[in-house]
Amino acid sequence: MRIADIYTEGINKGKEFGVLSADLRVLLAHNEGFAEPIDVLLRRDEEVKKPDLFWEQFEELRKGKPVEYIVNEASFLNRKLYVDERVLIPRTETEELVATITERITDYYDPRNYLVVADIGTGSGAIAIALKSYFRNWILLASDISEGALEVANKNISKGVATITTMQGDALTPYIEKKINLDIIVSNPPYITNPDETQDSVKDYEPSTALWLDKNNSVYEKIFRDCYKVKKEGLLMCFEIGYDLEEYLTELMAKYLHDYEFEFLEDLNGKKRFLFVYLQ
Ligand SMILES: C[S@@+](CC[C@H](N)C(=O)[O-])C[C@H]1O[C@@H](n2cnc3c(N)ncnc32)[C@H](O)[C@@H]1O
């Protein structure tokens with residue numbers, strides 16, 4: 001059977017279940033050992049090597065499993081990361097967060113300095129790995145409360161050449177315990193407040209510790225509460241946030257911070273999805 005035939009059959013069978021043709025290309029490219037999903041179209045006349053595996057995976061896709069968890073791979077800023085159900089699949093908004101940091105950093109620091117940077121709730125390690133690749137002189141630390149997530153982060157970190165130190169613990173606790181002082185905190189913590197607005201495939205497959213904002217146990221609040229314990233001369237905090245959190249976060253900052261400047265920044269869809277706070 002040709003790749004074109006199995007691909008077309010997959011599209012037809014998947015239509016009523018909302019299976020995306022882009023996801024079928026990811027499956028086929030992965031199974032056939034192609035570099036990119038577009039190769040499925042370019043090499044459509046070749047014989048399929050693993051048709052049975054394709055149909056097994058098709059069943060998982062049909063039930064709603066994200067394709068990234070099926071092939072154990074996600075793209076983040078042109079890098080391929082290992083992912084499984086212990087970590088959130090990195091999102092394009094988080095790529096925007098990293099891009100915004102690279103654009104804005106000179107407003108706060110000379111990026112040629114040896115800045116000490118923590119990625120809190122690192123998950124797959126996406127943010128820490130990307131930042132370290134752009135700013136090789138920065139000292140990157142990455143932490144997560146989930147042991148499973150840290151195993152995934154370490155797997156991704158070990159594929160690169162750069163050193164990133166990982167630590168397990170709640171919000172800033174590992175840094176406070178180890179007396180580590182920071183120039184920058186980056187965090188994409190759990191921030192979803194409304195399960196009704198969340199896709200079933202996210203609720204069913206992505207780790208709940210990565211998703212839901214519990215305002216009685218909020219990573220944002222813990223970071224604001226403890227940030228003076230880890231602050232160097234200044235401290236820049238860059239967060240990804242839920243679109244509905246501006247008021248909540250403004251109140252938290254007023255409660256815990258003094259001598260600070262802040263800015264809510266919009267994503268490409270015009271929603272306030274990032275918060276940069278600088279402590280003097
Ligand atoms: C939204 S995910 C972000 C993962 C990754 N940084 C990214 O951007 O793709 C949030 C991460 O925060 C971690 N987390 C949740 N509560 C935490 C806490 N109290 N302290 C540290 N990490 C926490 C979760 O385990 C999860 O990996």
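**Domains, sheet and helix packing in the predicted model**

The centres of domain 1 and domain 2, taken over C-alpha atoms, are separated by 34 Å. The structure described here is a predicted model. Domain 1 covers residues 3–71, and domain 2 covers residues 85–279. Where the two domains touch, domain 1 contributes 5 residues and domain 2 contributes 6 residues. On the side of domain 1 that touches domain 2, the residues comprise 2 nonpolar, 1 polar and 2 charged.

A helix pair is considered next. Helix H2, formed by residues 21–32, packs with helix H4, formed by residues 51–62, at an angle of about 145 degrees. The axes of H2 and H4 lie 11 Å apart, and the crossing of these helices is right-handed. From H2, the contact involves Asp23, Leu27, Leu28 and Asn31. From H4, the residues involved are Leu53, Phe54, Gln57 and Leu61. By class, the contact of H2 with H4 is made up of 5 nonpolar, 2 polar and 1 charged residues.

The model also contains an open sheet of 7 strands. In general, the strands of a sheet pair through backbone hydrogen bonds, in either a parallel or an antiparallel sense. In this sheet the pairing is mixed, and the strand order is E5-E4-E3-E6-E7-E9-E8. Strand E5 (165–168) and strand E8 (260–266) are the edge strands, each of which pairs on one side only. From one strand to the next, the twist averages 15 degrees.

Strand E3, residues 116–120, is parallel to strand E4, residues 139–144, and the two pair over 5 bridges. Aspartate 119 is found opposite alanine 142 in E4. E6 and E7 are likewise paired in the parallel sense, over 5 bridges. Serine 187 has phenylalanine 239 in E7 as its bridge partner. E7 and E9, by contrast, run antiparallel and are joined by 6 bridges. Here methionine 237 has valine 277 in E9 as its bridge partner.

Two helices are described in relation to these strands. Helix H6, residues 92–104, lies across strand E6 (182–187), strand E7 (231–240), E8 and strand E9 (272–279). The direction of H6 is at about 145 degrees to E7. Helix H11, residues 219–226, packs on the sheet and touches E3, E6 and E7. The directions of H11 and E6 make an angle of about 170 degrees.

The surroundings of the ligand were also examined. The ligand is surrounded by 23 residues, of which the closest are Gly121, Gly123, Ile145, Asn188 and Ala210. Divided by class, the shell around the ligand holds 13 nonpolar, 8 polar and 2 charged residues.

How values were computed: Residues numbered from 1 in each chain as written. Predicted model: local features only at pLDDT ≥ 70, side-chain atom pairs only at ≥ 80, totals over all residues. Pairing = 2+ DSSP bridges. Helix = DSSP H or I, 4+ residues; strand = E, 2+ residues; numbered from the N terminus. Axes fitted to C-alpha atoms, helices over the stretch in contact; angles between N-to-C directions. Contact = placed C-beta atoms within 7 Å. Left-handed = near helix turned anticlockwise from the far one by under 90°. Nonpolar A, V, L, I, M, F, W, Y, C, P; charged D, E, K, R; others polar. Near = placed C-beta within 6 Å. Domains from an automatic or database assignment.
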